[in-house]
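Please keep the sequence and the model at hand while reading.

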Amino acid sequence: MPEGDTIFRISENLGRYMIQKSVTKIYIRAVPYAQEILLGKKIDDVTSIGKNLFIVFEGDVILRSHSKMFGTWHLYSHGVTWKRSARNVVAIIEAGDVVAVAFDVPLIQLGRGVERTLGTFRTELGSDLIRGDIDVEVAFERFKQFSKDVLVGEALLDQRVVSGIGNIYRCETLFKTRISPYRPASSISVEELGAMLEVARVNLNFNARENSNLKRIFDDEVEGTFVYGRGGLPCHICGKKVIRKVMGAPSERVPRPIFYCPNCQL
Ligand SMILES: [Zn+2]
């Protein structure tokens, strides 16, 4: 699942090559009239808020995409073979010397009112861990509003708390702060939440600004992840087996694997 750092990198890449360029070809599967509105229009901005990507066109038009679990955007030069099948294409935007292609992105919306749209997302979503300062108090308020049966491992995926944390960062953040994903969200102190958000912020920012798309370094000592994707393997700290179970987000109840060390995390 793309996380805040991935979407940030995609938005930086698209922005670098497409801002101030005019749209020469456009196809959006979910928006059949996109061509009438956007062909020939200049791209004014590309930005992200949490895991939402926004492309702003002249004429106060804004495209929002959310990649959910499997969607992604690729950027290609003309004539380069695409890395995914054309069958999975849901949007194509050609501008300048490049073409941006969305594969399997389930949510693409087009609307008018750029400031209003961005304002709404900035208000509804928690602090963006990549683009702004973290407001721990606001995040804590939202944490306290969860019902008693919501676990911290579920709550961290809720983008109204803070935006940008996906499954990898939730697992790694909980491990690095030694907090079990099974603790009730309501039992987390403001200090513990602050520590978790700081760990997530540092790691997201580090990875967002690295050139590599694949390497995620979470510590000087360990390259790769501490627990994510390591079910059944020994914990890097204590040697006990890392556990893999299933735990989604409170709002979507999508089952996602969660990885943790039963010995290091309490
Ligand atoms: Zn351990």
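At what angle do H1 and H7 pack, and how far apart are their axes? The answer follows below, after a short account of the model.

## Basis of the description

The model is a predicted one, in which local features need pLDDT of at least 70, side-chain atom pairs count only at pLDDT 80 or more, and totals for chains, interfaces and linings use all residues. Residues are numbered from 1 along each chain as its sequence is written.

## The chain as a whole

The chain contains 7 helices and 12 strands. Helices (H or I, at least four residues) and strands (E, at least two) are DSSP runs, numbered from the N terminus. Along its principal axes, the C-alpha trace spans about 60 × 35 × 30 Å.

Of the 266 residues, 40% are buried. A residue is buried if 20 or more other C-beta atoms lie within 10 Å of its own, exposed if 12 or fewer, and partly exposed in between, with C-beta atoms placed from the backbone. Two residues are in contact if their C-beta atoms, placed from the backbone, lie within 7 Å. Among contacts between residues at least 6 apart in sequence, 64% join residues at least 24 apart.

## Helix packing

Two packed helices are described by the angle between their axes and the distance between the axes. H1 and H7 pack at an angle of about 35°, with their axes 9 Å apart. Axes are lines fitted to C-alpha atoms, for helices over the stretch in contact, and angles run from 0 to 180 degrees between N-to-C directions. The crossing of H1 and H7 is right-handed; a crossing is left-handed if the near helix is turned anticlockwise from the far one by less than a right angle, and right-handed if clockwise. In this contact, Gly-4, Asp-5, Phe-8 and Arg-9 of H1 meet Leu-204, Asn-207 and Ala-208 of H7. Phe-206 is also found in H7, and it counts as partly exposed because it has 13 C-beta neighbours inside 10 Å. Phe-206 and Asp-5 are 201 residues apart in sequence, yet 8.6 Å apart in space from C-alpha to C-alpha.

Helix H7 (residues 190-208) also packs with helix H6 (residues 167-176): their axes come within 9 Å and cross at roughly 125°. H6 and H7 are therefore oblique to each other. Here, angles under 35 degrees count as roughly parallel, over 145 as roughly antiparallel, 65 to 115 as roughly perpendicular and the rest as oblique. H6 passes H7 in a right-handed crossing. Tyr-169, Glu-172, Thr-173 and Lys-176 in H6 meet residues of H7, including Met-196, Val-199 and Leu-204.

## The sheet E1-E6-E7-E5

This open sheet has 4 strands in the order E1-E6-E7-E5, with antiparallel pairing. Strands E1 (23-28) and E5 (72-77) stand at the edges, each with a single partner strand, so one side of each is left without a neighbour in the sheet. The twist averages 15° from one strand to the next. Two strands pair if DSSP finds at least two bridges between them.

Strand E6 (residues 89-95) pairs with strand E7 (residues 98-103) over 6 antiparallel bridges; in E7, Val-101 is the bridge partner of Ile-92 and Val-99 that of Glu-94. E6 and E7 form a hairpin with 2 residues between them, and Gly-96 in the turn has a positive phi of about 60°. E5 and E7 also pair over 6 antiparallel bridges, with Ala-102 in E7 as the partner of Trp-73. E7 is mostly covered, as 5 of its 6 residues are buried. Helix H1 (residues 4-18) lies across E5, E6 and E7 and runs at about 30° to E5.

## The sheet E2-E3-E4-E8

Another open sheet of 4 strands has the order E2-E3-E4-E8 and antiparallel pairing. Strands E2 (43-49) and E8 (107-112) are at its edges with a single partner strand each, so one side of each is left without a neighbour in the sheet. Neighbouring strands are turned by 15° against each other on average, direction ignored.

Strand E3 (residues 52-57) and strand E4 (residues 61-66) pair in the antiparallel sense over 6 bridges, and His-66 in E4 is the bridge partner of Asn-52. H1 lies across E2 and E3, running at about 170° to E2.
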